[in-house]
Amino acid sequence: MYKHILVATDGSDLARKGLEHGLALAKSLDAKITILTVSKPLDPQAARAARMAGVELAATRYDQQLESLMKERFAFIEDRAREYDIKVDLAHEIDGSAAEAIVRIAKLSDCDLIVMSSHGRRGVQKMLLGSQTSEVLVKTPIPVLVIR
């Protein structure tokens, strides 16, 4: 049914539920799986504040922190994939909009299913907090499996 699944994760406990579901689904369908994490770029105001506080090379330090975080997250994902006896492709994008990056990578990778987690917020909470899941649902023709 599905040949290439994209699983979006931010490393949170809730996103791990989506990761587990995506890995199990890929295993059962013998599908290729890509795991995507999207990080925000360094905020220019934060970089400026860091320089004013005497932090040298704020962008470099931010990049190093991201690299360290991704190594840890990807090691965890690879361990989980080994438990399912499947190979995963790992991707990390830096983008101001996680939803746009998810849609773009799913399209570029020729994925036919996106798996992601959501808190399932509605009404005012959703409007105030935003919802990457809702944005993905609006912006892609690819089916989206939402795990709650």
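The legends below describe close-up views of a predicted model.

**View 1. Helix H3 and its buried residues.**
Helix H3 covers residues 58-84. At 1.5 Å a residue, its 27 residues should span 39 Å, and the C-alpha atoms at its ends are 39 Å apart, which agrees. The buried residues of H3 are Ala-58, Leu-66, Met-70, Arg-73, Phe-74, Ile-77 and Ala-81. They pack against helix H1 (13-29), strand E2, helix H2 (44-52) and strand E3. An α-helix has 3.6 residues a turn, so residues three or four places apart point the same way. Just after H3 comes Asp-85, with a positive phi of about 60°.

**View 2. Arg-73, a buried charged residue in H3.**
Arg-73 lies in helix H3 and is buried, yet has no salt bridge. The nearest side chain of opposite charge belongs to Asp-10, 6.3 Å away. The backbone oxygen of Asp-10, however, lies 2.9 Å from a polar atom of the Arg-73 side chain. Apart from neighbours within four places in sequence, Arg-73 is in contact with Thr-9, Asp-10, Gly-11 and Thr-37.

**View 3. Helix H4 and what covers it.**
In helix H4 (residues 98-108), the buried residues include Ala-99, Ala-101, Ile-102, Val-103, Ile-105 and Ala-106. Among the elements covering the buried residues of H4 are strand E1 (4-8), strand E2 (32-39), strand E3 (89-94), strand E4 (113-117) and helix H6 (132-139). After H4 comes Asp-110, whose phi is positive, near 60°.

**View 4. Salt bridges between separate elements.**
Side chains of opposite charge can pair when their charged atoms come close. The whole structure holds 9 salt bridges. In one of them, the side chains of Glu-20 and Arg-80 meet at 2.6 Å, N to O. This pair links distant parts of the chain, since Glu-20 is in helix H1 and Arg-80 in helix H3, 60 residues apart. Arg-80 counts as partly exposed because its relative accessibility is 23%. Glu-93 and Arg-104 form a salt bridge at 3.2 Å, N to O. Glu-93 lies in strand E3 and Arg-104 in helix H4, so the pair ties together parts 11 residues apart in sequence. Glu-93 is partly exposed, at 23% relative accessible area, and Arg-104 is also partly exposed, at 30%.

Lys-139 forms a salt bridge with Glu-135, with the closest N and O atoms 2.9 Å apart. Both residues lie in helix H6, 4 residues apart, or about one turn of the helix. Lys-139 is partly exposed, with a relative accessible area of 37%, and Glu-135 is partly exposed at 26%. Elsewhere, salt bridges that share partners join Lys-32, Lys-87 and Asp-89 into one network.

Notes
Residues are numbered from 1 along each chain as its sequence is written. This is a predicted model: local features need pLDDT of at least 70, side-chain atom pairs count only at pLDDT 80 or more; totals for chains, interfaces and linings use all residues. Side-chain values use heavy atoms; hydrogens and water are left out. Buried means under 20% relative accessible area, exposed over 50%, partly exposed in between (1.4 Å probe, protein chains only). Helices (H or I, at least four residues) and strands (E, at least two) are DSSP runs, numbered from the N terminus. Contact means heavy atoms within 4.5 Å. Lys and Arg count as positive and Asp and Glu as negative; His and the chain ends are not counted. A salt bridge is a side-chain nitrogen of Lys or Arg within 4 Å of a carboxyl oxygen of Asp or Glu. A polar contact is a pair of N or O atoms within 3.5 Å; within protein, one must be able to donate a hydrogen and the other to accept it, and residues adjacent in sequence count only if both atoms are side-chain atoms. The expected span of a helix is 1.5 Å times one less than its number of residues.
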